[in-house]
Amino acid sequence: MDKYDLVVIGAGPSGYAAAMRALDFKKKTLIIEKCSVGGAGVTNGALSSKTWWELSRETASFRKNLKRFNLQVPSINYKEIQAEVKRAVEERKNMLVEHIHLLENSINGNLLTFKKGTARLVGQNRVEIDTGGYQKEIVSTDYVILATGSRPRYLPELPIDEKIVMTSEGIETMEDFPESMVIVGAGVIGCEYATIFSGFGKTKVHLIDKGDRILPFEDEDIVQVIERNMENNGVLIHRNSRLIRMEVKHDRVEYELEYDDSSKAVFNVEKALIAVGRTPNYEELWDDTVDISISKRGIEDNDTQTNISNIYAVGDITADISLVNVGELEGRYAVEKIFGNPDRKLVYENISTIMFLNPEVAGVGLNEIHAREKGIDYRVVTLDYSCIPRAIAKRNTQGFIKLLVTNDEAMKILGMKVVGNHASSAIQAVALLISMDKGIEELAECVHPHPSITEGIQECVRMLLGKSLFKPEAMKGKLSCRTSINSVYQDIRF
Ligand SMILES: Cc1cc2nc3c(=O)[nH]c(=O)nc-3n(C[C@H](O)[C@H](O)[C@H](O)COP(=O)(O)OP(=O)(O)OC[C@H]3O[C@@H](n4cnc5c(N)ncnc54)[C@H](O)[C@@H]3O)c2cc1C
């Protein structure tokens, strides 16, 4: 029986990152993947959906520019777009696989082994691998990292067949743009697909939202911009509605909604996408000899360690945030905890996120909803994109920056949101300052390149210090600088 220092089950972003970090500690590592290296980080997930989003955004902007110059808009070919997404997925997957092969054959000692198969724990230190042959292989190991990820949540009452009624697993395999599509679930994934399909301009998108607004965890001002753009792009948002029936009839989808006022309505569309969350993959991952604590949301780990001391769990299989960067962070951290001593504690407060909407929304740290839920008083500045030369040059000034700091002398950064073009690249400086537990002065004095969106962040900071170029009292509607004490706003006067 082969013996390893570490066996990693699952080669998605979390497992891959864990295995690579184990090599830094010169540990004999086995990584097992049953399906596709890169997991949902690449296929039917983060990379593929972002390629769709980029292509949709480019198409929308191309259409807009052609119209501006009175030129005819050519027809978009679905198959070509789908093929481009496939090329992106293959490019990344091949790179990850090739990297593994190079390491397996490395002259610096064969520390890494990759096996294709389905793995299962058959003891605290034993892993069984089913490669589809007659005999299952069993290996022994000192440590195990479970990184088996998640899959779309299925609602048993919905007729999901991945052809007409789909989840994110099936949505990329359609034959053509549907003329209409209903999306069940107005969270991040549902809203991203609503943005993608409405952006191509070929599909009438319906979005079912059980609340009175999409993205319920997000601040009202941000949601307003996103909802307005979606509706301008033809998305029909069914607010305060509950799906009470969905059926496939004559290869189309009929669905019925009940609204909060008890009224009902029936709709008919070509396709449906169900985006109601993800379910962790832990079924059949261990036999009766192992008893790992789980909850409905996933494995209940303590700082990546399960209740069994040599077994760790990272990424989407655990009960916390499901993101590529979080999975990778946890994977690396678990290995450092096992074989070394992590430099810093694993904290989730300052994770940077992007929502791929129209426009993109990037954030780090707390938003106003979270700060208020935690009972934190804060100072908040907002600056409209129309005050930023780079946005003017781009001929697109839709968006704003919002920065939250503690309501005291120190003005420690609590969080930031950027809604608009280049949002994701703009937040990095602030993410770094938060992680270093720094105040805002550093940002105020740093010389930013011009013209850049980050100059807007600098202007926000200078507003908080009472030394901005534009004065909020003179530019109401474009700038604001306020305190929020017991959830009540008051303008700050210097
Ligand atoms: C549509 C969509 C869009 C997304 N967009 C983003 C985004 O923009 N940004 C972002 O940060 N995140 C995004 N995510 C989330 C991100 O993809 C996941 O958080 C991330 O992939 C989780 O990584 P993981 O390694 O924990 O799990 P996964 O990526 O799910 O990988 C787990 C791997 O384990 C394998 N496996 C499972 N069971 C076994 C077994 N028994 N034996 C062997 N192998 C096994 C699976 O085949 C899989 O390859 C998106 C997800 C979806 C679905």
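This is a predicted model: local features need pLDDT of at least 70, side-chain atom pairs count only at pLDDT 80 or more; totals for chains, interfaces and linings use all residues.
**Stop 1: the ligand.** Select the ligand and the residues around it. The shell holds 36 residues, and S14, E33, A40, D316 and V324 come nearest. Now show the backbone atoms and look for oxygen atoms of the ligand. A backbone N or O atom of A40 sits 2.8 Å from one of the ligand's oxygen atoms. G41 has a backbone N or O atom 3.1 Å from a ligand oxygen, and for L323 the backbone distance to a ligand oxygen is 3.1 Å. On its own the ligand would expose 1,000 Å², and the protein buries 91% of that.

Colour the shell by element next. At least two residues each come from α1 (13–24), β2 (29–33), α2 (39–42), α3, β4 (118–121) and α5. Colour by class instead and you get 14 nonpolar, 17 polar and 5 charged residues.

**Stop 2: the second largest pocket.** Keep α3 in view, and select A60, S61, K64, N358 and N396. Of the 28 residues lining the second largest pocket, these are the closest to its centre. The space in there comes to about 890 Å³. Which elements give two or more residues to this lining? They are α3 (46–68), α5 (188–200) and α6 (220–232), with α3 supplying the largest share, 12 residues. The lining has 5 nonpolar, 13 polar and 10 charged residues.

**Stop 3: the cavity.** To find it, select T195, S198, I226, N229, M230, N233, L357 and N358, which line the cavity. By class, the lining splits into 3 nonpolar, 5 polar and no charged residues.

**Stop 4: helix α13.** Finally, jump to residues 454–464. Is this helix mostly covered or mostly open? Mostly covered: 10 of the 11 residues in α13 are buried. Select T454, E455, G456, I457, Q458, E459, C460, V461, M463 and L464 to see the buried ones; E455 and E459 are among them. Then step just past the end of α13 to G466, where phi is positive, at about 75°.

Notes:
Residues are numbered from 1 along each chain as its sequence is written. Side-chain values use heavy atoms; hydrogens and water are left out. On a 1 Å grid over the protein atoms alone, a cavity is a set of points where a 1.4 Å probe fits but cannot get out, and a pocket is an open set with protein on both sides within 12 Å along at least five of seven lines; lining residues have an atom within 4 Å of a point. Grid points are joined across faces, edges and corners, and a volume is the space filled by probe spheres set on the points. Helices (H or I, at least four residues) and strands (E, at least two) are DSSP runs, numbered from the N terminus. Ala, Val, Leu, Ile, Met, Phe, Trp, Tyr, Cys and Pro count as nonpolar, Asp, Glu, Lys and Arg as charged, and the others, Gly among them, as polar. A residue is near a molecule or strand if one of its heavy atoms lies within 4 Å of it. A polar contact is a pair of N or O atoms within 3.5 Å; within protein, one must be able to donate a hydrogen and the other to accept it, and residues adjacent in sequence count only if both atoms are side-chain atoms. Accessible areas come from the Shrake-Rupley method with a 1.4 Å probe; for residues, only the protein chains shown count as cover. Buried means under 20% relative accessible area, exposed over 50%, partly exposed in between (1.4 Å probe, protein chains only).
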